[in-house]
Amino acid sequence: MPETTDTRTTTERTLLIKGATVLTMDPEFGDLTTGDILVTGDRITAVGPDLDDRASADTEVIQARGMIAIPGLIDTHMHAWQTPLKGLYAHGWTGDDYQSHVFYLREHFRPEDIYDATFSGTVQMLDAGVTGVLDFCHNVMSPEGAEAGLRAHRATGQRALFAYGMLGSFGAPPEDHAWRLDHVRRLHEEVNSGGDGLLRVGMALGSIEYGSMDRITKEVALARELGLRMSVHQNPPGQIRALHEAGLLDSDIVPAHANSADDGELELLARCGGGISFTPEGEFGGGRSMTILNRAHRAGASPSLGIDTHARVSIDLFAAMRLTYLLMRNVDATTEREAGRWPLERHPGVPLVEPRDILAYATVNAAAALGLGDDLGRLTPGRLADIVLIDTEPYGVALGDPAAHVVLQTTPRDVDTVVVGGRIRKRDGRLTDLDPTEAGAATRRVRERVFAEASAHGGPVPDLGPVR
């Protein structure tokens, strides 16, 4: 086992997590069946057994025996502004369903709605062990709307990459694009150049099918000038290749979904060190091809995971990991069956993944997708202290690989402790400085305001029910 200490000296606050089963997600460090994690300031300074002698008299101690410590989960494709629309797209089947029941509502969101929606979604994510997110905010209809989303992330203290949406109203004039570019530049100077590093501005590129490659080229040029991470919806076939042929494709662009990408496009992504963000529940329920994950994994186009929209599924990356594992196993089995190799037998390369691979999608790969691969995704000295403790009681830990317990047995209710940047945000199963009831109230405010306005303009309005 390599050296487990970061030798920096500091007088900052310290935290000691004791006696956990530690999944470092680093092959050089491996797992600790019973181990401690020492945090100084916002970073991990030591990982190993019995670190009491490293603690000071004022070190805060968390007794974690019976718990599994994992890196904080990271969602690489989330539309936080849609949090109050929970369940609105449950019946969804087609793209037209999404446009007519969910996406049209963005025209009725005011800045205060963006704030409340983002606040509510972020609280729910932290409560569920999601310490980091790429918030793909394609509801920037005004500068004030974007600034409201940023304020909400700053208020909740989740580690967030706010991907500024470049897609305006359909058919908007060229000046609509110009002010977005100018605003991104200004926000970069205000947000990315200062603060505590928890919040960064990125860019959600305009969808290629709704815009033009000329617009996309301008967006990518500005993002690279400023050093911003980017993401793009990749839905119709051939768009990854189109980015490559335009000289735009690189690892700083994360295509979301990418179900229609062919193997050649995945090789292009892998060649530049890039990956995809896959949102398994929404895509499986939406009838899309599920072979992309297996093909991306084999090609080396690192998959990461996202929830996409609360309008369809729960904010629960544990469920997304579990479904991803089962889907990938099913794709392997289908391939075997179609090749006449049935009943199943083990042979090299099949099955493709184990639960630990899936946990890496939501930690190691996700950190790289956010441009933080050197700082997040592993529990090793020198890295930022984003840590989640999973309580395995009262029913006990699953046998075998503890990563399998995380992926196949865990739900958000099992998240006992959440640490972001060395600060305890949840402990003993309760958020420490955020109130879930405030998140619920924010959701209700958005629903009441947005649906009242939509109704006034003749739009469809769901039954909000009697619950208040």
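A: Ring pairs link W81, Y89, Y98, F103 and F109 into a cluster. The model is predicted, so local features need pLDDT of at least 70 and side-chain atom pairs pLDDT 80 or more, while totals for chains, interfaces and linings use all residues. Residues are numbered from 1 along each chain as its sequence is written, and side-chain values use heavy atoms, with hydrogens and water left out.

First, the pairing rule. Rings of Phe, Tyr and Trp (its six-membered ring) pair if their centres lie within 6.5 Å; planes under 30 degrees apart count as stacked, over 60 as edge-to-face, and the rest as tilted. By this rule there are five aromatic pairs. W81 and F103 make a tilted pair, because their ring centres are 6.3 Å apart and their planes meet at 55 degrees. The two residues are 22 apart in the chain: W81 sits in the loop between β6 (73-78) and α1 (95-101), and F103 in the loop between α1 and α2 (111-127). Helices (H or I, at least four residues) and strands (E, at least two) are DSSP runs, numbered from the N terminus.

Both W81 and F103 are buried. Buried means under 20% relative accessible area, exposed over 50%, and partly exposed in between (1.4 Å probe, protein chains only). Y89 and Y98 pair edge-to-face, because their centres are 5.5 Å apart and their planes stand at 70 degrees. Y89 counts as buried at 7% relative accessibility. Y98 is buried too, at 17%.

R337 lies over the face of W342, 4.2 Å from the ring centre. The rule here is NZ of Lys or CZ of Arg within 6 Å of the ring centre and within 35 degrees of the ring normal. P343 lies in the loop between α10 (317-338) and α11. P351 is placed in the loop between α10 and α11. Its bond from V350 is cis, with omega about -5 degrees. Most residues other than glycine have a negative phi, and most peptide bonds are trans.

H257, not a glycine, has a phi of about 80 degrees. H257 lies in strand β11 and is buried at 4% relative accessibility. D308 also has a positive phi, near 80 degrees. The place of D308 is the loop between β13 (302-305) and α10, and D308 is buried at 13%.

Now the strands. Two strands pair if DSSP finds at least two bridges between them. Strand β14 (residues 387-391) has four of its five residues buried. β14 pairs antiparallel with β5 (residues 67-71) over five bridges. A69 has L389 of β14 as its bridge partner. Four bridges also join β14 to β15 (residues 415-420), again antiparallel. There V388 stands opposite V418.

Finally, a helix pair. The axes of α11 (residues 355-369) and α12 (residues 402-409) come within 8 Å and cross at roughly 70 degrees. That makes α11 roughly perpendicular to α12. Axes are lines fitted to C-alpha atoms, for helices over the stretch in contact, and angles run from 0 to 180 degrees between N-to-C directions. Under 35 degrees is roughly parallel, over 145 roughly antiparallel, 65 to 115 roughly perpendicular, and the rest oblique.
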